[in-house]
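Open the model in your viewer and keep the selection tool at hand. Each stop below tells you what to pick and what to look for.

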Amino acid sequence: MLLSLVLFALGVGLISLLLLLNTQLQEKFDKNLADIDLVIGAKGSPLQLILCSMYHIDAPTGNISIKEAKPFLNPNHPLIKKTVPLSLGDSHKGYRIVGTLPSFLELYNAEIGTGKIWENDFEVTIGAGVASDLKLKLGDQFHSSHGFVLDDNLIHDDGDKFKVVGILKPTGSVADQLILTNTQSIWKTHDHASPNDESHEDHDHEGHDHDHDHSEEPKPLIEEVDQEITSLLIQFKNRNYQTLNMARSINENTDMQAANPPIEINRLHAMVGVGEEALRILALIIVFVSGLSIFISLFDSLRDRRYELALMRVMGASRSKLFSLIILEGILLAALGFAIGIFLSHIGMEVLANFMKSSYRYSFSGTVFLKEEIYLLLGALAIGMLAAIIPAIQASRTDISKTLTDS
Amino acid sequence: MLKTKNLEFSYNNQNWLKFPDIDCKEGEHWLLIGLSGSGKTTLLHLLGGLRTPKKGDIIIANTNISKLSSSELDHFRGKQIGIVFQKAHFVRSLTVEENLKLAQKLAGQPVSTARINELLERLNVQHKLKAKTDSLSIGEQQRVAIARALVNKPNIILADEPTSALDDKHCDEVLELLETQATQENATLLIVTHDARLKEKFENQITLEDN
């Protein structure tokens, strides 16, 4: 009886965990697609480019020069509705710093919660998740760190400090996990940090910085032809053969590559999906076997309880009473197994969420309950009932007189 | 109160057991005596509504139970007939009190702890109220079994070989217990046995001939 309960809980738990993971992953992926039609970046793996530029989980494929990217930054491009440049490569305590334009926020429908959008160099607006995890407030300052891993040796401690000027409202998208600033700040951090730039001293930085902000108007990105960025997120006005050709021509005629997000994400799903499918089948087999084991244990226990059942008949219980008693027992077993399974899967999801958050910067949750889990409950109860039907018929057919005489 | 007429039963429709007519009045104590194989147990099960007769009628408290439907019979049995088996059996996972409550519930009677306490006190096993039935001595088990047979105030108490496994001393004790309790409840008592020791203790006797 205990074994069938454990088996049942395991099966239900696995299915529910898969459901939770799948739904939340799908949700994240969908939300982060943000209607981006094309990502342009350095040559390399297109999947990597997508993962890096849209999901912020992989490393960049390299940089592209503004000179080459210039046509796509042109606001009057006939096919392009919106282009958002990204400069990646730095982080703060594991959270990525993204040099971009304020139009980045529009992609993810992100709104300012408190403070404002970054305007000047070294001003940052941070996602809600970053703010709560790192306990950052408006006015807080920090040095950025090179790369995406936590390493004290890589901190740009001779560079300018970033200052938090705004915090975004939670969006449920990747924007929650990012630190956003302008592209120039990224360039400047790296200029300062480079060893041949030793003429500056720390005191001067602040002063210089303020000078920058007020005297020199920063040039538009499109004119910084000597500089580099990581990638471009592009929304087309319409998707048609011209946009297809554009992507192909970028891949064939430039040192850049154009990657199509839906295609790459489907590729990813196809690769991961095999394991997921196998797990799902495994879970179904476990549930089936546990249903069988409920059936067997109920059937077995009837033999031990034959006399008790006959006794109940003597005391006035009808056949249908015994039938419903055994059915109820099956359903109760299944319900208990379901409860344990759901409990385990949500605990498991919470543990996974913490693990995934620290490694992927994605927020998952074990406290979200899905509509599908109601179907899972109904399915579980149905299995418990089905497993109990034959034993219940057996019980209701107990021949009182014969059972009492035999014992 | 308990009456049978031309009662016949057969397991295979070839060898027929014919039973003598019985007529027990309310509150009377009867002994039904017969050798092994004479159909004693079959008759007890017929009278207790555990089997349906092939021919003839059984009338208990003005109800012809051979005419009742299966579920009517279940209900009638739970309420009107108390059976004490040779070996006491209980629902093992339940306590003494819960077993008695179950008997009330299954018979469709309201659960009355007062009634349960009263019976257990009369039978001197009140202190075992919360005990699991497995932990009772054989004597205590038999007392609880009697309490269970009585709990719904049945009109008829049937006892199947209540004494045959006991020595003389305990035989007298159990017999007295059954008779006192039946008298107190004003129930008709019918003891089915092959135990010859009981012969001289009952005025009303039915003897089953070997078939």
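## Stop one: a loop in chain B

This model is predicted. Select B:K132 to begin. B:K132 sits in the loop between α4 (113-122) and α5 (138-150) of chain B.

B:R92 and B:K132 are 40 residues apart in sequence. In space, their C-alpha atoms are 7.1 Å apart. B:K132 touches B:R92, B:S93, B:L94 and B:T95, leaving out residues up to four places away in sequence.

## Stop two: a covered strand in chain B

Select residues 81-84 of chain B, which form strand β7. Both faces of this strand are covered. In a regular strand the side chains alternate between the two faces of the sheet. Here, B:I81 and B:I83 lie on one side, and B:G82 and B:V84 on the other. All four are buried.

Click B:G82 and look across to B:I157 in β8(B), which stands opposite.

## Stop three: two residues with positive phi

Stay in chain B and select B:N6. This residue is in strand β1 (residues 2-10) of chain B. B:N6 is not a glycine, yet its phi is positive, about 50°. B:N6 counts as exposed, at 53% relative accessibility.

Jump to chain A and pick A:N109. This one is in the loop between α4 (103-107) and β5 (112-115) of chain A. The phi of A:N109 is near 50°, a positive value in a residue other than glycine. A:N109 counts as exposed, at 64% relative accessibility.

## Stop four: an enclosed strand in chain A

Select strand β1 of chain A, residues 38-42. How many of its 5 residues are buried? The count is 5 of the 5, so the strand is largely enclosed by the rest of the structure.

Show its partners. Strand β12 (residues 231-236) pairs with β1(A) in the antiparallel sense, over 4 bridges. Find A:G41, which stands opposite A:S231 in β12(A). Strand β13 (residues 256-259) also runs antiparallel to β1(A), joined by 4 bridges. There, A:V39 has A:A259 as its bridge partner.

## Stop five: a buried histidine

Select A:H77, in the loop between α3 (66-73) and β3 (80-92) of chain A. A:H77 is buried, with a relative accessible area of 12%. Which residues does A:H77 contact, leaving aside neighbours within four places in sequence? They are A:P71, A:F72, A:K237 and A:M246.

## Stop six: salt bridges within each chain

Over all chains, the count comes to 27 salt bridges. Start with A:R239 and A:D37, whose side chains meet at 3.1 Å, N to O. A:R239 lies in the loop between β12 and α8 (241-253), and A:D37 in the loop between α1 (2-33) and β1, so the pair ties together parts of chain A that are 202 residues apart in sequence. A:R239 counts as exposed at 64% relative accessibility, whereas A:D37 is buried at 9%.

Then select A:E329 and A:R305. Their side chains form a salt bridge too, at 3.1 Å, N to O. A:E329 is in helix α10 and A:R305 in helix α9 of chain A, 24 residues apart.

For a network of salt bridges, go to chain B and select B:R115, B:E118, B:R122 and B:E185.

## Last stop: where the chains meet

Show both chains together. Here, 20 residues of chain A are in contact with 21 residues of chain B. The two chains bury about 1700 Å² between them, 61% of it on carbon and sulfur atoms.

How many salt bridges are there between chain A and chain B? There are 2. In one of them, A:R313 meets B:D74, with the closest N and O atoms 2.9 Å apart. A:R313 lies in helix α9 of chain A and B:D74 in helix α2 (residues 70-80) of chain B, so the pair joins two chains. Both A:R313 and B:D74 are buried.

Finish by counting polar contacts between the chains: 5 residue pairs.

Key:
Residues numbered from 1 in each chain as written. Chains lettered and ligands numbered in written order. Predicted model: local features only at pLDDT ≥ 70, side-chain atom pairs only at ≥ 80, totals over all residues. Heavy atoms only, no water. Contact = heavy atoms within 4.5 Å. Buried area = accessible area lost by both parts, 1.4 Å probe. Salt bridge = Lys/Arg side-chain N within 4 Å of Asp/Glu carboxyl O. Polar contact = N/O pair within 3.5 Å; in protein donor to acceptor, adjacent residues only side chain to side chain. Buried < 20%, exposed > 50% of the residue type's maximum accessible area, 1.4 Å probe, protein only. Pairing = 2+ DSSP bridges.
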